[in-house]
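Me: I have a structure open and would like to go through it piece by piece. Can we start with the charged contacts and then move on?

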Amino acid sequence: MTDDTRSFNASDRPEFLPAEGPHPGWGSPSGGPGPQYRQQGPDFIQSQHPTDPFGDQYGQPPGPPPPVNAYGMGPAWAPPPGAPPARPDAQKGPRSGVMVLLAVVIALLAGGAGAYGTYLLTGSTSGLDPNYAIPTTPAGSTARPPESVAGVASRVLPSVVSLEVRGGSESGTGSGFLIKGGYIVTNNHVVAVASTGGEIRIKFSNRRSTTARIVGRDPNSDIAVVKPEETFGSPEVALGNSDSMVVGDPVIAIGSPLGLTGTVTTGIVSSLNRPVEAGGESGRDSALINAIQTDAAINPGNSGGPLVNAAGEVIGVNSAIATLGGGSPLGQQTGSIGLGFAIPVNQVRRIAEELITTGSARTSRIGISIDQQYQGQGVRIAAQAERGVEPVTPDGPADKAGLRPGDVILEVDGQPVSDSRELIVTIRSKAPGDKVVFKYQRAGSERTATVTIGAAPAPSAQPS
């Protein structure tokens with residue numbers, strides 16, 4: 001044979017010659033060079049030592065064949081001549097790259113199968129479903145019970161209007177409602193800027209509009225009446241009785257807050273007989289009212305609009321709101337914080353009738369001057385004249401009832417009064433001719449007197 005390696009056994013010993021080294025075998029334990037081979041003709045000859053062709057172990061087997069994986073067992077170890085070096089990972093199975101490639105192929109096959117399944121189901125590989133639709137809910141009835149908020153609002157809204165007012169360099173908006181005879185009730189502070197030649201435009205719930213003129217206005221009550229040129233068939237609203245309202249009753253405010261016509265808000269009566277200053281800014285055309293307090297949202301533009309009860313009857317005219325801004329907390333033009341105030345409709349009814357019939361309204365009074373320095377319980381009548389005005393007007397209602405300077409008024413019709421504002425709004429909420437019972441204190445003893453409400457001279461405000 002030529003390039004083949006023969007089997008290694010004892011009968012082959014004459015054909016091997018040691019090359020060098022003192023000991024035959026397959027490497028040196030000390031790390032020296034291992035046995036080397038050189039080709040001698042057709043066979044391999046072992047060379048150990050140049051002077052000793054067979055070494056001191058001649059006649060003995062040269063040792064076992066080298067282990068298959070001898071490579072890497074030490075610095076003196078090497079693979080057999082002619083044998084390829086063994087790979088370190090020869091026994092580790094498939095390479096990691098092959099495994100990754102196999103995983104990618106499997107994923108692609110699975111994705112393709114999924115896409116094909118989607119295509120079979122939807123006819124699209126994009127995941128879209130051309131036949132998808134959300135079921136619609138059948139339209140229900142819009143009819144509501146008459147006593148519900150929606151039922152009340154549907155009856156009252158056609159009678160509520162929006163006012164746009166211009167006069168000189170000022171302008172503003174407000175609300176109002178239609179009453180008997182085609183008249184519209186609103187607040188005096190809404191139309192005051194047009195009292196000297198301005199313009200008022202009325203917008204109805206059917207989106208039609210027309211101009212209007214002032215019939216009369218009363219700054220002391222903050223009530224005004226205007227007459228539109230046309231009402232377009234809008235119905236008049238029903239007026240209720242504000243004396244029948246109690247705290248906790250549900251109410252609905254309707255108007256045009258911030259110019260948003262036809263706005264409906266709900267709440268309850270949160271207080272009654274609340275003395276509130278309403279009307280113009282900085283004291284101009286201001287009024288003290290004995291208000292109905294409500295938590296129904298009232299905002300700028302609601303002024304003059306109706307506050308109605310659960311039966312859809314007007315029980316007040318929205319006129320003022322409380323705010324958290326600087327200055328006076330009432331009547332400022334900012335957002336609602338749940339404290340709104342309405343003029344009771346019983347007072348509004350009387351004022352509106354007088355404005356329509358005479359062009360002006362009377363202000364209720366009893367003919368006394370109040371001691372503003374008094375700090376005790378109740379309200380004390382001034383003890384002496386001031387600027388030529390007597391504490392008790394001679395022959396006035398209080399004088400006729402027996403009240404005297406220095407008397408302290410404690411109650412009116414059983415309702416305690418704690419300050420001058422409460423006394424004023426209580427008297428103004430009464431109509432001239434009404435009889436009221438006063439409890440008062442004089443010289444440490446309590447007494448009672450019946451007072452017939454009188455009227456102050458008509459204010460200067462006239463129809464324009």
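**Salt bridges, a cavity and the surface**

Reply: The structure holds eight salt bridges. A salt bridge here is a side-chain nitrogen of Lys or Arg within 4 Å of a carboxyl oxygen of Asp or Glu. This is a predicted model, where local features need pLDDT of at least 70, side-chain atom pairs count only at pLDDT 80 or more, and totals for chains, interfaces and linings use all residues. Residues are numbered from 1 along each chain as its sequence is written, and side-chain values use heavy atoms, with hydrogens and water left out.

Me: OK. Which residue meets E354 in a salt bridge?

Reply: R350 does, at 3.4 Å from N to O. Both residues lie in helix α4, four residues apart, which is about one turn of the helix. Helices (H or I, at least four residues) and strands (E, at least two) are DSSP runs, numbered from the N terminus.

Me: Is R350 buried or exposed?

Reply: R350 is buried, because its relative accessible area is 12%. Buried means under 20%, exposed means over 50%, and partly exposed is in between, with a 1.4 Å probe and protein chains only. E354 is buried too, with 12%.

Me: Which residues are linked in a network with R350?

Reply: R350, E354 and R362 are linked in a network of salt bridges.

Me: What does D407 pair with?

Reply: The side chain of D407 meets that of R442 in a salt bridge of 2.7 Å, N to O. D407 is in the loop between α5 and β18 (408-412) and R442 is in strand β20 (residues 435-442), so the pair ties together parts that are 35 residues apart in sequence. D407 is buried at 2% relative accessible area, while R442 is partly exposed at 21%.

Me: And what about R404?

Reply: R404 forms a salt bridge with D399, and their closest N and O atoms are 3.4 Å apart. R404 is partly exposed, with 37% relative accessible area, and D399 is partly exposed with 27%.

Me: New topic. How many cavities of 30 Å³ or more are there?

Reply: A search of the whole structure finds three. On a 1 Å grid over the protein atoms alone, a cavity is a set of points where a 1.4 Å probe fits but cannot get out, and lining residues have an atom within 4 Å of a point. Grid points are joined across faces, edges and corners, and a volume is the space filled by probe spheres set on the points.

Me: What lines the second largest cavity?

Reply: That cavity has a volume of about 50 Å³. Its lining includes R350 and R362, along with D218 and R428. Helix α4 (345-358) and strand β16 (363-365) each supply at least two lining residues, and α4 gives the most, with three. The lining divides into one nonpolar, five polar and four charged residues. Ala, Val, Leu, Ile, Met, Phe, Trp, Tyr, Cys and Pro count as nonpolar, Asp, Glu, Lys and Arg as charged, and the others, Gly among them, as polar.

Me: Last one, the backbone. What is phi of F232?

Reply: Near 55 degrees, a positive value in a residue other than glycine. Most residues other than glycine have a negative phi. F232 is in the loop between β9 (223-228) and β10 (250-255). D395 also has a positive phi, near 65 degrees, and lies in the loop between β17 (379-380) and α5 (397-401). At 57% relative accessibility, D395 counts as exposed.

Notes. On a 1 Å grid over the protein atoms alone, a cavity is a set of points where a 1.4 Å probe fits but cannot get out, and a pocket is an open set with protein on both sides within 12 Å along at least five of seven lines; lining residues have an atom within 4 Å of a point.
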